Every structure is written in C-alpha cells, then in structure tokens.
Amino acid sequence: MSTSQIAFLKGHGTENDFVIVPDPDNAVDLSASAVARLCDRRAGIGGDGLLHVVRSAAHPEARAMAGEAEWFMDYRNADGSIAEMCGNGVRVFAHYLQRAGLVEEGDLAVATRGGVKKVHIAKSGDITVSMGRALLPENGVTVSLDGRSWDARNVNMGNPHAVAFVDDLAHAGDLLSVPPFSPAAVYPDGVNIEFVVDRGPRHVAMRVHERGSGETRSCGTGACAVAVATARRDGVDPTETGTPVTYTVDLPGGTLVITERPDGEIEMTGAAVIVAEGLIDSDWLETAIG
C-alpha cells in the first residue's frame, strides 16, 4: 500500500452497504483480495461492495469519460470482482462527493464502467440517478429452485439481470448461493437474479441475488430491471405510449421509486446515508491478504 493508513467511509443506499475509499489520484492498490478482505463482515469493515472514488483522468478505464465526468466510480463486488455498475452505489458515491465538498447540490455526472450517469442531488437529500436505457435481449433463462421453475426476463441495465415473477418471495430460498438457471450460456459472466411479487397497482416487492455478493438488502440496477420487466408484463412501454410510467419497488432495505420515460431513460430515486469514517491500517491489510 502507498500510505501507512488509508481513509475510508461506510455508507448505504436502502441498506445496500459499501466501503468507500477516497483516492482521487488512483494511488491506492486495491487488489481483488484486498477488496474481499475489506468487505468481509467479520474480519474486515464489511459491505456488499466497495466504492473506489477516483478522478476520471487518473484511471485508465475512465480517462475517455473525463471530459463529461470528473469523478469515476470504480466499483467492486464484495468478492473483489469488478462490476459494470451499481445503482445504489452511485447514490452513495454522489452523497459522499457532496459531503466531502467536492460537488454541490444539484446536477452532476458520474463515470462508471456502464457509462456516464447523470445524477441530481435534491434539497430533501434524495438522490435521483439517470440509469440509462434498458436492453431487453430475447434470450431469457429458466430459474429453478426447490422443485419450482420460473421463466425469467432478460434485462440489461449496464449489468445483466434475470427477473422472475413468483407467488411468494420465500420461494427464492436463502439466496446464499446462485439460484440455478439454464441455459448458462445466456449469462457467461454471471447474472443478478431478482424474484418479484406484486404488492398493488404499479407496486412490487423483490429479493435479489447479486453476482459476487449473494443476497443483498437492495440493488438499484435490479430495481430498475424489475420495474421495466413488470411494465412489459403489464403491457406498458413508455417508448410507444409517450407517457412516463413509475413503479414503486420495495426491497428488504427500503423503497426505491423507478420511472421509465418516453425516451427510454430510466430514473431511480432514493436516499443515501454515510454512517461512519475512519482509517484502514495498511499493515493489517497487507498481512490479511498476504
């Protein structure tokens, strides 16, 4: 590690929690094993993932986006693997930037591996993220668990999702391991799997297994995928009707409001919280991953 101590914060968005490592110059070496150790809930700080806060110009994967977005969200899953995007993570990332005095209330842009995301920080504290357009590949999968099977809708939000509508969220089991799906070739790099039940008109609830993290209390891109899949199941497509559609999505960790607009853009609104900050001892980290 480049310093004897490394600053960190801990935050969450609808209880999808993250270790935050501010590193504007991309000077901290965050290997997969280091990330996994930091996200360990017993031996580390604990989190569903890690938000590495880097200036876009300082990161080789984000330099091409530096003209649009000063800051790059270098997001890692809890097992240390790299992910394209994390919707709750973007909200927490933006909240950190505002808290640190690096951005102000209002509009900003955040670079991610899933592209540049537009963000609005409201006076109320709620943060809205423009999540881009959903892709709806024709090839879906069948998810099977405990003798039950469901056809799952393939939705891509910059990362892959399989959305299954079930009668009871308990049918998803414990979600400690990846629910079996086939054909596996549809998702060669793994997939986030959402189980969904109806709660009322344009109101659903969900549980999710996030690839690389297991079941999480919330998944922003998953909530967006669920809203789009539910709208299509309901026969609603704003790109055809010209009218926005909004769904309320309940997750174990809270509620997100998802709006799909006539241009296909999807907006996600919810809260973000910073709960702690401190210093990581780099000697411990080097020993822990050695």
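Analyst: Happy to. One definition for the charges: Lys and Arg count as positive and Asp and Glu as negative, while His and the chain ends are not counted. Also keep in mind that this is a predicted model.

User: Okay, how many positive and negative side chains are there in the protein chain?

Analyst: The protein chain carries 24 positive and 40 negative side chains. The centres of the two sets lie 2 Å apart.

User: And how many helices and strands are there?

Analyst: The chain has 5 helices and 18 strands.

User: What is the radius of gyration, and what would a compact globule have?

Analyst: The chain has 19 Å, which agrees with the value near 19 Å for a compact globule of 290 residues. Its C-alpha trace spans about 55 × 40 × 30 Å along the principal axes. Buried residues make up 51% of the 290.

User: Switching topic: which peptide bond is cis?

Analyst: The bond from Ser182 to Pro183 is cis, with omega near 0°. Pro183 sits in the loop between strand S11 (181-182) and strand S12 (192-200). For background, most peptide bonds are trans.

User: What about phi at Thr14, positive or negative?

Analyst: Positive, about 45°, although Thr14 is not a glycine. Thr14 lies in the loop between strand S1 (5-13) and strand S2 (16-22).

User: Is Thr14 buried or exposed?

Analyst: Thr14 is buried, because its relative accessible area is 10% and the cut-off for buried is under 20%.

User: And where is Arg202?

Analyst: Arg202 is in the loop between S12 and strand S13 (203-210). Arg202 has a positive phi of about 50°, and at 43% relative accessibility it counts as partly exposed.

How values were computed
Residues are numbered from 1 along each chain as its sequence is written. This is a predicted model: local features need pLDDT of at least 70, side-chain atom pairs count only at pLDDT 80 or more; totals for chains, interfaces and linings use all residues. Side-chain values use heavy atoms; hydrogens and water are left out. Helices (H or I, at least four residues) and strands (E, at least two) are DSSP runs, numbered from the N terminus. The radius of gyration is taken over C-alpha atoms; the globule rule is 2.2 Å times the number of residues to the power 0.38. Buried means under 20% relative accessible area, exposed over 50%, partly exposed in between (1.4 Å probe, protein chains only). The place of a charge is taken as NZ of Lys, CZ of Arg, CG of Asp or CD of Glu.
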